[in-house]
Amino acid sequence: MSTPSRIALVTGATRGIGLETVRQLAQAGVHTLLAGRNPTRTAAAAAVLQVEGLPVEPLQLDVTDAASIAAAAAAVRERHGRLDILVNNAGILRDAPGLRPSEQAAATWRATFETNLFGVVEVTRAFLPLLHAAPAGRIVNVSSILGSLALHSDPDSPVYDLKLPAYNVSKAALNAWTVQLAWELRDSRIRVNAVHPGYVRTDMNAGEGELDVAEGARTSVRLALAGEDAPNGGFFHVERRLPW
Ligand code: NAP
């Protein structure tokens, strides 16, 4: 009897780093659920990869919508009965450029946290039973080096002047959540880590990043596919551990 393929789910996968993460996981032979909030864009993105012969399945999932999260988790339970890999990739950057940290609107903070923190927590809570049902669950939280408190406090750091407070604090909170969840999972077979993809050319920075999406997806894919020696509760860029 052949071993069933691993099942992965990538949120925010209609474009950018998420779409490329789906491609690389599927190229590695993982049956990958391409999750997106808009059903039409999600089906279209999945169709492009399916035409290439990759094992990709579209899944409607808005990480800020409790009903959408519940429906997605129910669909995965019914179709697959487990989830081996969850990549919490969906994220937004809404800080208005040119404002000082204290000047960003409250609505910006709330919208950013809804997607970048609460969305991750709620999606993870919904899929955790399915990750426990897998032989060796992996959770990858796509954070950012801009969430590093150590680097933001260091005037010599390259990120010191990049004060996008709602985004940066949401990623610092995502890192803190990763540490809390890693503690809960320490005696389980699931491993959870936060990653910085690099500064990647996507819509989020109007294509001004330094890396292409193929390089940008590498850290997420590496930790998603990590074996028995996978770390738990770390923050990584490629193989380098980053300061919190
Ligand atoms: P992107 O090109 O702007 O893509 C963002 C993705 O998130 C899109 O697919 C978008 O879907 C999805 N999304 C937004 N809100 C969502 C929601 N409520 N539910 C489901 N999906 C939602 O961004 P990216 O550069 O690929 O970023 C991916 C991740 O990497 C983010 O977490 C980002 O913070 C992180 N990151 C990026 C960089 C960089 O240099 N690009 C650096 C560090 C960290 P729609 O198509 O429906 O809008």
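In this predicted model, the shell of residues around the ligand comprises 12 nonpolar, 13 polar and six charged residues. The ligand is surrounded by 31 residues, of which Thr 14, Arg 37, Arg 41, Tyr 167 and Thr 202 are the closest. At least two residues of this shell come from each of helix H1 (16-27) and H6.

The side chain of Arg 15 places an N or O atom 2.7 Å from a ligand oxygen atom. Backbone atoms are also involved: an N or O atom of the Ile 17 backbone is 2.8 Å from an oxygen atom of the ligand, and for a backbone N or O atom of Gly 198 the distance to a ligand oxygen atom is 3.4 Å. On its own the ligand has 910 Å² of accessible area, and the protein covers 96% of this.

The largest nonpolar core contains 33 residues, and the members that touch the most others are Leu 9, Leu 59, Leu 83, Leu 86, Phe 127, Leu 131 and Ile 139. Two or more core residues are given by each of strand E1 (7-10), strand E2 (31-36), helix H3 (66-80), helix H4 (106-132) and helix H6 (165-184). The greatest contribution is that of H4, with nine residues.

Leu 83 illustrates the contacts made by one of these residues. Apart from neighbours within four places in sequence, Leu 83 contacts Ile 7, Ala 8 and Leu 9, together with Phe 127, Leu 130, Leu 131 and Ala 134.

Technical notes. Residues are numbered from 1 along each chain as its sequence is written. This is a predicted model: local features need pLDDT of at least 70, side-chain atom pairs count only at pLDDT 80 or more; totals for chains, interfaces and linings use all residues. Side-chain values use heavy atoms; hydrogens and water are left out. A nonpolar core is a set of buried Ala, Val, Leu, Ile, Met, Phe, Trp, Tyr and Cys residues joined through side-chain atoms within 4.5 Å. Buried means under 20% relative accessible area, exposed over 50%, partly exposed in between (1.4 Å probe, protein chains only). Helices (H or I, at least four residues) and strands (E, at least two) are DSSP runs, numbered from the N terminus. Contact means heavy atoms within 4.5 Å. A residue is near a molecule or strand if one of its heavy atoms lies within 4 Å of it. A polar contact is a pair of N or O atoms within 3.5 Å; within protein, one must be able to donate a hydrogen and the other to accept it, and residues adjacent in sequence count only if both atoms are side-chain atoms. Accessible areas come from the Shrake-Rupley method with a 1.4 Å probe; for residues, only the protein chains shown count as cover. Ala, Val, Leu, Ile, Met, Phe, Trp, Tyr, Cys and Pro count as nonpolar, Asp, Glu, Lys and Arg as charged, and the others, Gly among them, as polar.
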